[in-house]
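The sequence and structure come next.

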Amino acid sequence: MEQDLCKIGIIGAGPSGCACAYFLGARENISLIDFREPMCTILPTGGGRCNLAYSEYDFKELAKNYPRGEKFLYSIFSKFSTVDTLEMFNKIGIDTYVQDDNRIFPVTNNSKDIQTAMLNSIKRCNFIKEKALRIEKIENRFKVVTDMNSYMFDKLVYAVGGHAGYEMIKRIGISVIDPKPSLVGLISKEKLSDLMGISISDVYNHNTGLCGDILFTHFGMSGPLVYKISSIKARDSFPYDLEFDLCPKLDGLQDILNLNPHKYIKNILSEYIPSRLSEYILDKLNVDSDTKCHMINGRIRDSILEEIHKFKVEIISSKKDGETVTAGGVDLDKINPKTMESKEVDGLYFCGEVINVDGFCGGFNLQNCWSTAYVSAQGVLSN
Ligand SMILES: Cc1cc2nc3c(=O)[nH]c(=O)nc-3n(C[C@H](O)[C@H](O)[C@H](O)COP(=O)(O)OP(=O)(O)OC[C@H]3O[C@@H](n4cnc5c(N)ncnc54)[C@H](O)[C@@H]3O)c2cc1C
């Protein structure tokens, strides 16, 4: 049965779709179509605390945290940025605080509160718990066919996130950049499972010039630095090599060996790197870990230092289904950044992760949702 419910349809009731409904005025003529509970995707964010934004108030500086979309976001963030995000949350009853590392969270540290507050603020909207399967443009209107019904809209906002939904819009002529996983653990060719569970702080990555924490896992590597590298290299093809300085503060080894001639090399190294890692490196170099320091010759010393300062890993893949966000999505060249309207299909708007924008960890991806939701709502209202 075809129903002429309302004029504005939003496919996807995640953070971007719901925020768009809020900025549209949350009226009865706005329909949100989602087969899942609205705003459920906010629940796991920030480890359940919801890192909703980042405390950077210069929009060009803020945009630097997006490997894809930096320039596109200038226009978006000039209209709606961090301050506006905090005001929006304040209006719907959410107080926020800035953590030491500049990440912003709700004071309750509970993403459920964000879900509840957002849904309260848009409860006048029409929620349709169905899965959109097809979009057709019929003259100036959109027909959305779901698994149960079909609906006609004058304007359509597409906010299905980054994990699916590209085929539906490709069929109506929307250009999509091939999606790739980003902010994800990386699978190494080398078997690093012996190092599983070891985390190291202040590691330097030679390929990107970035510094941060890494974690060895059963599949390879993870942790904040690795996530950031996965984001920067999201569009590189596999395999690729990474090189890490596991202990930048270790400046030469000879003086330390001279000062401790009768200590075991494994114990000396363990003062700088985790003991399991020092055993792993010595084993890799065929050096008995119980060798006394005075027995370590120049060649062995240099190869130990090389392993520590130039630790090489060949990355063969990213961890399947482990991505936090998607690199790729609707081609930004085909979206008007002043309105978020498609340049390819009039009356169709985008917001959130479905577009080819993705940021680092730190609240940047949700900031993209709030900002593009605002601009798309203004675009819908102005046309
Ligand atoms: C574990 C995890 C933690 C994260 N933590 C943070 C964080 O702390 N801070 C941060 O900034 N970012 C974080 N992110 C990223 C952030 O959650 C996403 O960028 C954000 O949710 C994207 O919002 P969205 O509304 O664009 O899409 P989504 O949140 O993906 O919502 C899209 C909605 O569309 C619906 N949908 C999809 N297809 C259809 C269809 N065919 N018909 C109907 N409905 C459909 C889905 O059911 C979903 O509800 C995290 C991501 C993950 C996975």
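In this predicted model, helix α4 spans residues 82-91, and its buried residues are Thr 82, Thr 85, Leu 86, Met 88 and Phe 89. Viewed down the axis of α4, these buried residues fall within an arc of 160°, so they line one face of the helix. The background is simple: an α-helix has 3.6 residues a turn, so residues three or four places apart point the same way. The other side of α4 carries the exposed residues Val 83, Glu 87, Asn 90 and Lys 91. The cover over the buried residues of α4 includes the strands β4 (53-54) and β5 (96-98), together with the helices α2 (59-63) and α12 (364-382). Just after α4, Gly 93 takes a positive phi of about 95°.

Two of the strands that cover α4, β4 and β5, also belong to a sheet. This open sheet has 3 strands in the order β4-β6-β5, with antiparallel pairing. Its edge strands are β4 and β5, each of which pairs on one side only. In general, strands of a sheet pair through backbone hydrogen bonds, either parallel or antiparallel. Between β4 and β6 the antiparallel pairing runs over 2 bridges. Ala 53 has Ile 104 in β6 as its bridge partner.

**Backbone features in loops**

The loop between β5 and β6 (103-106) holds Asn 102. Phi of Asn 102 is near 75°, a positive value in a residue other than glycine. Leu 183, in the loop between β12 (176-182) and β13 (186-188), also has a positive phi, of about 55°, although it is not a glycine. Are these two residues buried or exposed? Asn 102 has 12 C-beta neighbours inside 10 Å and therefore counts as exposed. Leu 183 has 23 C-beta neighbours inside 10 Å and therefore counts as buried. A cis peptide bond joins Phe 238 and Pro 239, with omega of about -5°. Pro 239 lies in the loop between α7 (224-232) and β17 (240-245).

| Residue or bond | Angle | Value |
|---|---|---|
| Asn 102 | phi | near 75° |
| Phe 238 and Pro 239 | omega | about -5° |

**The ligand shell**

Around the ligand there are 34 residues, of which Gly 12, Gly 14, Gly 46, Gly 161 and Gly 352 come nearest. The elements that give two or more residues to this shell are α1 (15-23) and α12. The largest share, 4 residues, comes from α12. By class, the shell has 16 nonpolar, 14 polar and 4 charged residues.

As a general matter, nonpolar side chains tend to be buried together in soluble globular proteins.

Ala 21 illustrates the contacts in detail. Leaving aside residues up to four places away in sequence, Ala 21 touches Ile 10, Ala 26, Ile 30, Leu 32, Ile 122 and Cys 125.

**Ile 335**

Ile 335 lies in strand β20, residues 335-336. With 26 C-beta neighbours inside 10 Å, Ile 335 counts as buried, because the cut-off for a buried residue is 20 or more. Which residues does Ile 335 touch, not counting residues up to four places away in sequence? They are Val 330, Met 340, Ser 342, Lys 343, Phe 350 and Ile 355. Phe 350 is 15 residues from Ile 335 along the chain, and their C-alpha atoms are separated by 8.1 Å.

**The chain as a whole**

The chain has 12 helices and 22 strands. Its C-alpha atoms fill a box of roughly 85 × 40 × 35 Å, taken along the principal axes. Of its 383 residues, 43% count as buried. Among contacts between residues at least 6 apart in sequence, 71% join residues at least 24 apart.

Definitions and conventions
Residues are numbered from 1 along each chain as its sequence is written. This is a predicted model: local features need pLDDT of at least 70, side-chain atom pairs count only at pLDDT 80 or more; totals for chains, interfaces and linings use all residues. The arc is that of the directions from the helix axis to the C-beta atoms. Two residues are in contact if their C-beta atoms, placed from the backbone, lie within 7 Å. A residue is near a molecule or strand if its C-beta atom, placed from the backbone, lies within 6 Å of it. Ala, Val, Leu, Ile, Met, Phe, Trp, Tyr, Cys and Pro count as nonpolar, Asp, Glu, Lys and Arg as charged, and the others, Gly among them, as polar. Two strands pair if DSSP finds at least two bridges between them.
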